Amino acid sequence: MTSIIKVQTLTGSDGETPHCHLLQVDECRFLLDAGWDENFNLNYLRDVRKHVNQIDAVLLTFPDQAHLGALPYLFGKCGLSCAVYATVPVYKMGQMFLYDQYQSRHNTEDFNVFSLDDVDSAFDKIVQLKYNQSVALKGRGQGLTITPLAAGHMIGGTMWKIVKDGEEDILYAPDFNHKKERHLNGCDLEHVARPSLMITDAYNATYAPARRRQRDEQLMTTILQTLRGGGHVLVAIDTAGRMLELAHMLDQLWRNKESGLMAYSLALLNNVSYNVVEFAKSQIEWMSDKLMRSFEGARNNPFQFKHLKLFHSLSEVNRIRGPKVVLASSPDLECGFARELFTQWCTSAKNHVILTARTSVGTLARDLMTNKKKKTLSLQVKQRVRLEGAELEEYQRRELEAKRAKAAALAGDIDSSDESDTDEAPLATDGQVEHDLTLANGKPNPLFFKSSKRQHAVFPHIEERVKYDDYGELIRPGEFAVAEEEVKPEPVKEEAEPADQEMQDLSTVPSKCLAYYRTFTVAAGVTYIDFEGRTDGESLYRILEQLRPRRLVLLRGTDEVVQPLAARFAQVAEKVLIPRAGHPVDATTESHIYQVRLRDSLVSSLTFSKGKDAEVAWLDGVVVMATDQRPSDVTAPTDDAAMETDDAEEAIPTLELLPAEKAPRHSTVFINELRLSDFKQALVRLGIASEFSGGVLWCCNGTVALRRQEQGHITIEGCLSDDFFRIRELLYGQYAIV
Amino acid sequence: MASAAEELDQLMIRPLGAGQEVGRSCIMLEFKGKKIMLDCGIHPGLSGMDALPFVDMINAEEIDLLLVSHFHLDHCGSLPWFLQKTTFKGRCFMTHATKAIYRWLLADYIKVSNIATEQMLYTEADLEATMDKIETINFHEEKDVRGVKFWAYHAGHVLGAAMFMIEMAGVKILYTGDFSRQEDRHLMVAEMPTVHPDVLIIESTYGTHVHEKREDRENRFTGVVHDIVSRGGRCLIPVFALGRAQELQLILDEYWMGHPELHDIPIYYASSLAKKCMAVYQTYVNAMNERIRRQIAVNNPFVFKHIQNLKGIDHFDDVGPCVIMASPGMMQSGLSRELFESWCTDPKNGVIVAGYCVEGTLAKHLLSEPDEVNTMSGQKLPLKMSVDYISFSAHTDYAQTSDFIRQLKPPHIVLVHGEQNVMSRLKDALLREYADDPSRGPVQIHNPRNTVAVSLPFRGEKVAKVMGGLAVEPPADGRVLSGVLVKRNFNYHLLSPDELGKYTDMTQSQVSQRLSVHFSGSPQLLQYILSSLSADFETTKGKYQWRLFRAVTVTLDGKTAILEWVASPGGDMLADAVLAAVLKAETTRVDAPTRPAKFDRMHYKECLIETLQEMFGDEAVPKFFKGEKFHVTCGGRRADIDLTDMSVTCEEDEVFRSAVLTAVTKLYQSLSPATLSRND
């Protein structure tokens, strides 16, 4: 019954590489997360590509780039095709992360690592689960059950419990957070009782962040000072994970009348902000108990923001007057609105940039964090600009040719779909555009453009809303004016926001991408305030001590971080393994298990005594290799589970009662780990005086002493007296004695 | 501490409400000492304590778990009373949406019933206090409460409605609550569980009735509404505030959208409760069907464009055609009744009864097409307005029920939540259907009355997992297994005691004891007495310290004797014996031991001969013998005794032999110091 378990890290475990690991349990291979770094470095995926064909299932933990960034690439470009398991919020928010990532890149450069279709096709493979929903795998994973458990950190964040045949339980828990936060509960360790293998990361093993209160104060004062000084605050934050925590917190801050923040603007800027907030609103059941209670009690949705305004483009934000706080993605300042705002604002000393996470080495945010002194930066500025003049003509000519070629091809094959990827073909010509025909022609409006415009399925038609007041339909004097001349229809402009047009411009108008280097003098203040929301080093030690995993695999983390941790748990765990890039570690253990059926006569002869959370009894039995198969309709438990495996399963031996005189003698076993303080409580309840002195518990006026010698060894001392025997009786009561 | 109840193989299902009736759903499950209550509703037709389920049949304290299927009053109406006013100590679960709506629905119920009855079952404060006691469960999430595993499936019916699958000791029970397998505009259909339950507890509200198709009934509904308003009439739709009302709103809003000519006809919805709960509907879209979930990405379908909320009748200007949805759904009283009475005399107006109506209410009365109706004030009014009945009730019908059962193949079915006649018709119909189906296997259908228990036998089989050191060798016939059996939540594991810490979070410990006794006698005497107590007697040189039975150490330190041993039942007993010996030594005033501390073999022989003479007569035993062998003769039979190995042989008579042997060994044991076999 020994299972072969191997863990291999595919992106390199040392340091700060993204999460992407391979777990093999017997035949079945899991890809644990499919993370990628901020800049889509293909080197990281070299090893992953090698294993693509072997992977049976992908388990995702968090919705961010570092945990599922490579998913579209693996599905779209590497031919991965297997089931992916994730919780509902990881599915939704993960999609948002990737859409935002794609759009941010696409706005400024020709991005072709993956397309939006790749994202969609990868996400179509995701099986959406709830916390504690067990899934029994089929095929090569027969006998394996996976269960997502709450991990904190981000909404829907997961620790995966993988159980083999109900015995070997593996816990994959990277980047979890044990602390309760504003919008999330801490990780759920209740459902984990001593895993046989725990796979976690050591990234934070020596990290001690500031206290939450202190951190919040720092954020608050930084924001206030900057705003009062007339500057802007840029908060670089992710798309849909930690952003929710910060957005919720800031909105609450703004609501507080005494904070004096009401006068300033608070903005959330990313490509999918509307959708992210809508999804967040409908996922209250995944959030903290406190938020849920307040929703049940007062029906106020925590993500119904009062002050935080949602934006989807830079120009919208720039139009806000006065000092403002902008939460923009991405946290690494490598791309997206955060980078654009940074380049705009960093040269003014009034402004302030707040970084919220330690991103990978080489990213701009990390650079700013480590080199605080450095004041001049040479940055690559990327832009997408409209084509003009000769370039435009050239482009149009090529487009036309392509179209003709296509038309020619189509003529030959009418059946083939004509809706292919020429979505960016410009139909709009110069001059007045009355209707946005491109929408009808191109592919459907992608989700992430928040558009208040109606969509017209066939041809433009503006429905007129009939408005009423107390006196009936509103009278429009214009309608009653005597028509003197043909009124020229006014261009319908009311709803077409300029911002929308700009967005349209970027995606529909022929454009090209520019990249050039510019030197910036960073005058703005740059502060790193930790909003990562992950377990700190000290707590990691404590949690591991509490869980006491039998084997421990430590991922991510440099030698100096991992080694002390490994040394500390060398005694607690049977094995501590530190996988290095490309080398699988073997976490197999010898485990012997078989099942026996217990005869009723045997069970009724047992005397159970109560242990910690289970009942225990001493059992003496003799194995009988039963051949008498009972009629299966009486055995209720062999139901569906058995239906599949019944044939394969050999007969379970039966354990019969061993006659008392034949039973071998056994020494008495005391089960429980008694804490003297608990015992003192028990004594107090019975009205027996006792006190601690020098680690010894003195009872009954010091006539009886209890001492804890070592792990699981208690000494009771006293002179011959009734008290001695009474205390002893009580002490025995604390144990399950078999 | 295995109680007798735990070993019983009977699963008891006892409806305390909703047994051959509709209303106050409350079903008790008992199996293996676990008690589970399903729903805790109130009877809408009764008031005060009479409306409660028969909870005096049970001891609330013993209930481990209470599951609430959905927010309708007949399923959760007595919950605040039960949680606050009884000794219930177990845990209570419902889905997130149910909990959010429960709070507002019951607050509304309290307000309404406040006027009606003095004997209030609970107050708003009680309701508020229950919110902390109710835990939430997500659909498909598995929970485990004291070994009872359960999870929820979507049930259709209303937002947040759940079917619970409960697993106890391997037996699975599915409780459907109210469910519907017909998809409507916002709710998903009841899911088909992937595991087969052993017992199915199913609602039977509509019995053998078959619903009309959704499209037909929607068309009929919108057609009737359209007719009424276009002839210039007012259309009254009495509805229950939550549940079906939202469905009707979605239909009407969509219909209005497609018919611009109706835009000047207002639709009102008069329910402050529904307004309060709209936020819940707008939030828990994940519990709704695919259509709504897709739509939410674009805009929220529960933000209606053509439906206005009406705060009360005072805010309503009755000036022309309109559509108004008002509660209560059966027009017992309240706004819907008021509107009905003021409109019923005009043939242009119309009323549409859209839900299930209970006997004795005005809505039910209307369906018999009377010429006159009584007003609340007692007058008679001619009924001229049109009356239509279009059932939008999201309960399963016969087609859905029988299909559901055919797919699940449960061996036992328990019918609840249905009028007596309807229920027995359903039972007969189902039995007829399955009687013709030999592939199906035997099926038992029960329709218990309130408080009558159905008892189903389940032979729970106990399978233990042998782990660790004990399992190194594969099982073979006749192999003896000894170890600690750990029982947790119906799971059994057999382990060797040293590996307890490895596989469980229990640890093995040791208790050692040290008992001091005042001793003023002489050490020699003590040594002598101790040495005659135990054959396993070791002395530590240079000290007054002895170890007896290889278990108890006695140390003499000045005037104190200290006994040390490791606790165990046997050890404690030996320690008691040693303690008695020490006390004896204390009280015996002999200056020095007179006899050697060794076992006197000659003395034993003398005694043995005396004993045998007593038993068989003086002649039977030789007066004198040498060495270790002699014989006893009695009645012509001779038994040879060999004292070297304490054996007795007698060919002729076994009874005689054993009598002699007993004498030999018993006498030896009583004279020699005790020895213990050492596997203890």
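User: Which residues do ring pairs link into a cluster with A:Trp36?
Analyst: The model is predicted, so local features need pLDDT of at least 70 and side-chain atom pairs pLDDT 80 or more, while totals for chains, interfaces and linings use all residues. Residues are numbered from 1 along each chain as its sequence is written, chains are lettered from A and ligands numbered from 1 in the order written, and side-chain values use heavy atoms, without hydrogens and water. Rings of Phe, Tyr and Trp (its six-membered ring) pair if their centres lie within 6.5 Å; planes under 30 degrees apart are stacked, over 60 edge-to-face, the rest tilted. Such pairs link A:Trp36 with A:Phe40, A:Tyr73, A:Tyr102, A:Phe111 and A:Phe114.

User: Is the pair of B:Tyr255 and B:Trp256 stacked, edge-to-face or tilted?
Analyst: The structure holds 28 aromatic pairs over all chains. In this one, the ring centres are 6.2 Å apart. The planes meet at 55°, so the pair is tilted.

User: Are B:Tyr255 and B:Trp256 buried or exposed?
Analyst: Buried means under 20% relative accessible area, exposed over 50%, partly exposed in between (1.4 Å probe, protein chains only). B:Tyr255 has 17%. B:Trp256 has 0%. Hence B:Tyr255 is buried, and B:Trp256 counts as buried.

User: What kind of pair do the rings of B:Phe302 and B:Phe304 form?
Analyst: Both residues, B:Phe302 and B:Phe304, are buried. Their ring centres lie 6.1 Å apart. Their planes are at 80°, so the pair is edge-to-face.

User: Which residues touch the most other members of the largest nonpolar core?
Analyst: A nonpolar core is a set of buried Ala, Val, Leu, Ile, Met, Phe, Trp, Tyr and Cys residues joined through side-chain atoms within 4.5 Å. The largest has 225 residues. Another core, of 43 residues, lies apart from it, with A:Leu697 and B:Leu515 among its members. In the largest core, the residues asked for are B:Met37, B:Ile201 and B:Ile237.

User: How is helix 4 of chain A oriented to helix 8 of chain A?
Analyst: Helices (H or I, at least four residues) are DSSP runs, numbered from the N terminus. Helix 4 (residues 88-108) and helix 8 (residues 273-281) of chain A pack at about 170°, with axes 10 Å apart. Angles under 35 degrees count as roughly parallel, 65 to 115 as roughly perpendicular, over 145 as roughly antiparallel and the rest as oblique. That makes helix 4 of chain A, relative to helix 8 of chain A, roughly antiparallel.

Notes. Axes are lines fitted to C-alpha atoms, for helices over the stretch in contact, and angles run from 0 to 180 degrees between N-to-C directions. Helices (H or I, at least four residues) and strands (E, at least two) are DSSP runs, numbered from the N terminus.
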